[in-house]
Amino acid sequence: MSRNSVEYSREAFRRKYVSPNYSGPLHLATTVSICLVVALLCAVMLENVQPLEWLTIPLTFLYANLSEYLGHRGPMHHRKPLLSAVFQRHTIEHHAFFTDQAISYESSKDFKAVLFPPILLFFFIGAFAVPAGALLFFLVSANVAFLFMLTAVLYFLNYELLHFAYHVRPSSWIGRLPFMSRLRQHHAHHHNPQLMTRYNFNITYPLCDYFFGTVYKNPK
Ligand SMILES: [Zn+2]
Ligand SMILES: [Zn+2]
């Protein structure tokens, strides 16, 4: 994809979705606040957690890493009935806005092309975290249910913040954080239009990419 076609896609996205009143920093702050409030509410519900119950945290982490991988490898890159909006938003819009040759934002208005809309957060929490948490509450224990929701919402926040950071200019202080260049490179390869349907589907930590053998190895 040429530089000009990225510029054209960016202009089209901004015209369609970014209103003059949109504030990128406010969008980011809203996402962080909602996630932290939900996590805090779950944390205060914990009572006398047993050693085995703490295992909920690593298990939820692995489950979230797998969901991130499968969601990205599946409906985000292959149009599926009922989920075509996900394909449109990710493959058609996010990948046209950012390529491996143009990976960074031009201004904070461009945060809109990376962060999920805050309203979707309530959908994720209401449609996925709460029903699974309720099931764990009745089948296992209240602590396991709240630890699951706490880890899931913090994982989501981690996803949003890391993905946000990959699209910040590499020379900024966020771009220069430890480990950032390696994780950003992993995601930048995925933004190469020739590679995006085959490699580097983890956005956070590439555990499933290693497990399923989909890590892109740069030919030297
Ligand atoms: Zn991206
Ligand atoms: Zn992708």
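**Confidence, metals, rings and a pocket**

Mentor: In this predicted model, confidence in the protein is lowest in helix 5 (residues 118–139), at a mean of 88, and highest in helix 8, at 98.

Trainee: Which residues coordinate the zinc ion (ligand 1)?

Mentor: The donor atoms are NE2 atoms, at 2.1 to 2.2 Å. In sequence the donors are spaced H-x68-H-x3-H-x19-H-x3-H. The residues are His94, His163, His167, His187 and His191.

Trainee: How many residues apart in sequence are the parts that histidine 94 and histidine 191 tie together?

Mentor: Both histidines coordinate the zinc ion (ligand 1). Histidine 94 lies in helix 4 (residues 84–97), and histidine 191 in the loop between helix 7 (180–190) and helix 8 (207–212). So the pair ties together parts whose separation in sequence is 97 residues.

Trainee: Is histidine 94 buried or exposed?

Mentor: Buried means under 20% relative accessible area. Histidine 94 has 3%, so it is buried.

Trainee: Which residues coordinate the zinc ion (ligand 2)?

Mentor: Again look at NE2 atoms, here at 2.0 to 2.2 Å. The donor spacing in sequence is H-x4-H-x12-H-x4-H-x94-H. The residues are His72, His77, His90, His95 and His190.

Trainee: Which helix holds histidine 190?

Mentor: Histidine 95 lies in helix 4. Its pairing with histidine 190 ties together parts that are 95 residues apart in sequence. Histidine 95 is buried at 3%, and histidine 190 at 0%. The helix that holds histidine 190 is helix 7.

Trainee: Why is the pair of phenylalanine 137 and phenylalanine 146 edge-to-face?

Mentor: A search of the whole structure finds 23 aromatic pairs. In this one the ring centres are 6.4 Å apart. Planes over 60 degrees apart count as edge-to-face. The pair qualifies because its planes are at 85°.

Trainee: What is the angle between the planes of phenylalanine 211 and phenylalanine 212?

Mentor: This aromatic pair is edge-to-face, at 5.1 Å centre to centre. Phenylalanine 211 is exposed at 68% relative accessibility, whereas phenylalanine 212 is partly exposed at 38%. The angle between the planes is 90°.

Trainee: Which residues do ring pairs link into a cluster?

Mentor: Look for Phe and Tyr rings joined by pairing. The cluster links Phe13, Tyr17, Phe97, Phe98, Tyr105, Phe111 and Phe164.

Trainee: How many residues of helix 6 are buried?

Mentor: Helix 6 (residues 142–166) has 25 residues. From first C-alpha to last, helix 6 reaches 36 Å, close to the 36 Å expected. It is largely enclosed by the rest of the structure, because the buried residues number 20 of the 25.

Trainee: What is the volume of the largest pocket?

Mentor: The pocket is lined by 42 residues, and the closest to its centre are Ser67, Phe116, Phe124, Phe128 and Phe156. Helix 3 (56–73), helix 4, helix 5 and helix 6 each supply at least two residues of the lining. The volume is about 1500 Å³.

Definitions and conventions. Residues numbered from 1 in each chain as written. Chains lettered and ligands numbered in written order. Predicted model: local features only at pLDDT ≥ 70, side-chain atom pairs only at ≥ 80, totals over all residues. Heavy atoms only, no water. Donors = N, O, S within 2.8 Å, 3.2 Å for Na, K, Ca; no water. Helix = DSSP H or I, 4+ residues; strand = E, 2+ residues; numbered from the N terminus. Buried < 20%, exposed > 50% of the residue type's maximum accessible area, 1.4 Å probe, protein only. pLDDT = per-residue confidence, 0-100. Phe/Tyr/Trp six-rings, centres within 6.5 Å; stacked < 30°, edge-to-face > 60°. Expected span 1.5 Å × (residues − 1). 1 Å grid on protein atoms, 1.4 Å probe; cavity = no way out; pocket = protein on both sides within 12 Å on 5 of 7 lines; lining within 4 Å. Points joined across faces, edges and corners; volume = space filled by probe spheres on them.
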